[in-house]
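Welcome, and please open the model in your viewer. We will go from stop to stop, selecting as we go.

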Amino acid sequence: MAAYRADDDYDYLFKVVLIGDSGVGKSNLLSRFTRNEFSLESKSTIGVEFATRSIHVDDKIVKAQIWDTAGQERYRAITSAYYRGAVGALLVYDVTRHVTFENVERWLKELRDHTDSNIVIMFVGNKADLRHLRAVSTEDAKAFAERENTFFMETSALEAINVENAFTQVLSQIYRVSSRKALDLGDDPAALPRGQTINVGSKDDVSGVKKVGCCSN
Ligand SMILES: Nc1nc2c(ncn2[C@@H]2O[C@H](COP(=O)(O)OP(=O)(O)OP(=O)(O)O)[C@@H](O)[C@H]2O)c(=O)[nH]1
Ligand SMILES: [Mg+2]
C-alpha cells in the first residue's frame, strides 16, 4: 500500500474531481482514501471541500488534490470553478439506487463540457457491500463504461473495497498520459498533437503541475 507522506513532498500534483448524485458516497470515498475514515451519518456536502494524498507511481510521488462538492444543485460549488484544471474524475453512482445510474449521463456531459478531452474518468459503482439491495447490475455499468470509454470499478467506502484501487488507477493513468505527452513532445513544443493537451504545468491551475523544472514564470 502507498504510504501517507508529508504534504510538500511530491513530484506531480493532479487535480481530481468527484461528481455524482447526492448520497452516492462521494465524501466517504474521499475520506476513506485520504484519511481511512468512514461515517455512517455523514451530512450532505455544502459548497466545495478538498483533501490531498500522495502515492508512489513508478519512482515518482504523485500528489492528488481531490475536490468534492454537493450532488444537490442548491448546495453545489460554481460549476466552472469546480472543474477548472481537473485532469481526473470519479463519476460515482450508488449500486442500490438505479436513478443515480440513470443520472450519470448528465454528469458525464457536464464533466466533458467543462474539462479537457484527455481527462481520465473512472466510473464508480459505490455501496457494493449492500449486496441484497443491488439495483444496478455490474454488466450494465460495464457496458456503459465501455461505450463511454471510461474506466469502471465497483467500490465500498464502508468496507474499504476498491477505494484505493479506484483512486490509484486514475492517478497512475493521469501520470502515464502526462509523461507520454512529455515524451511525445521531445524538445519541440510544436510536436504536441492537437486536441491532446493535458494540463501539465499550466501556471493558472494546480492540476498537472510538475514540481521541478516548470511553472517558474
Ligand atoms: N453501505 C454503504 N453506505 C455508504 C457507502 N458510502 C457512503 N455510504 C453512506 O451513504 C450516505 C451518503 O454518503 P456521502 O458520502 O455523504 O454521500 P455524497 O455523495 O457525498 O452526498 P452529497 O454530499 O449530498 O452529494 C452516508 O450515510 C454514508 O454513510 C458505502 O460504501 N456503503
Ligand atoms: Mg458529500
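In what order do the elements of the chain run from the N terminus on? They run β-α-β-β-α-β-α-α-β-α-β-α-β, which comes to six helices and seven strands. Helices here are DSSP runs of H or I with at least four residues, and strands are runs of E with at least two, both numbered from the N terminus.

Before you click further, a word on how to read this. This is a predicted model, in which local features need pLDDT of at least 70 and side-chain atom pairs count only at pLDDT 80 or more, while totals for chains, interfaces and linings use all residues. Residues are numbered from 1 along each chain as its sequence is written, chains are lettered from A and ligands numbered from 1 in the order in which they are written, and side-chain values use heavy atoms, with hydrogens and water left out.

**Stop 1: the whole chain**

Select the whole chain and show its surface. The accessible surface comes to about 10,900 Å², and 49% of it belongs to carbon and sulfur atoms; such areas come from the Shrake-Rupley method with a 1.4 Å probe, and for residues only the protein chains shown count as cover. Of the 217 residues, 47% count as buried. Buried means under 20% relative accessible area, exposed over 50%, and partly exposed in between (1.4 Å probe, protein chains only). Now think about contacts, meaning heavy atoms within 4.5 Å. Among those between residues at least 6 apart in sequence, 72% join residues at least 24 apart.

**Stop 2: helix α4**

Next, select residues 104-114, which form helix α4. Which of its residues are buried? They are Val 104, Trp 107, Leu 108, Glu 110 and Leu 111. These residues lie on the same side of α4 because they cover an arc of only 165° around the axis, taken from the directions from the helix axis to the C-beta atoms. An α-helix has 3.6 residues a turn, so residues three or four places apart point the same way. Turn to the other side of α4 and you will find Lys 109 and Asp 113 exposed.

**Stop 3: ligand 1**

Now select ligand 1. It is surrounded by 23 residues, and the closest are Ser 22, Lys 26, Ser 39, Gly 71 and Asp 129; a residue counts as near if one of its heavy atoms lies within 4 Å. Look for oxygen atoms of the ligand facing polar backbone atoms: the distance is 2.6 Å at Gly 71, 3.0 Å at Gly 25 and 3.2 Å at Leu 158. Taken alone, ligand 1 exposes 650 Å², and the protein buries 91% of that.

**Stop 4: the magnesium ion**

Select ligand 2, the magnesium ion. Which residues coordinate the magnesium ion? Ser 27 (OG) and Thr 45 (OG1) do, at 2.0 to 2.1 Å. The pair links distant parts of the chain, 18 residues apart: Ser 27 is in helix α1 (residues 26-35), and Thr 45 is in the loop between α1 and β2 (48-57). Donors are N, O and S atoms within 2.8 Å of the metal (3.2 Å for Na, K and Ca), and water is not among the atoms, so sites may look incomplete. Ser 27 is partly exposed, with a relative accessible area of 22%, whereas Thr 45 counts as buried at 8%.

**Stop 5: two loop residues**

Finally, select Asn 149, in the loop between α5 and β6 (151-154). Asn 149 has a positive phi of about 60° although it is not a glycine, and it counts as exposed because its relative accessibility is 71%.

Methods
Polar contact = N/O pair within 3.5 Å; in protein donor to acceptor, adjacent residues only side chain to side chain.
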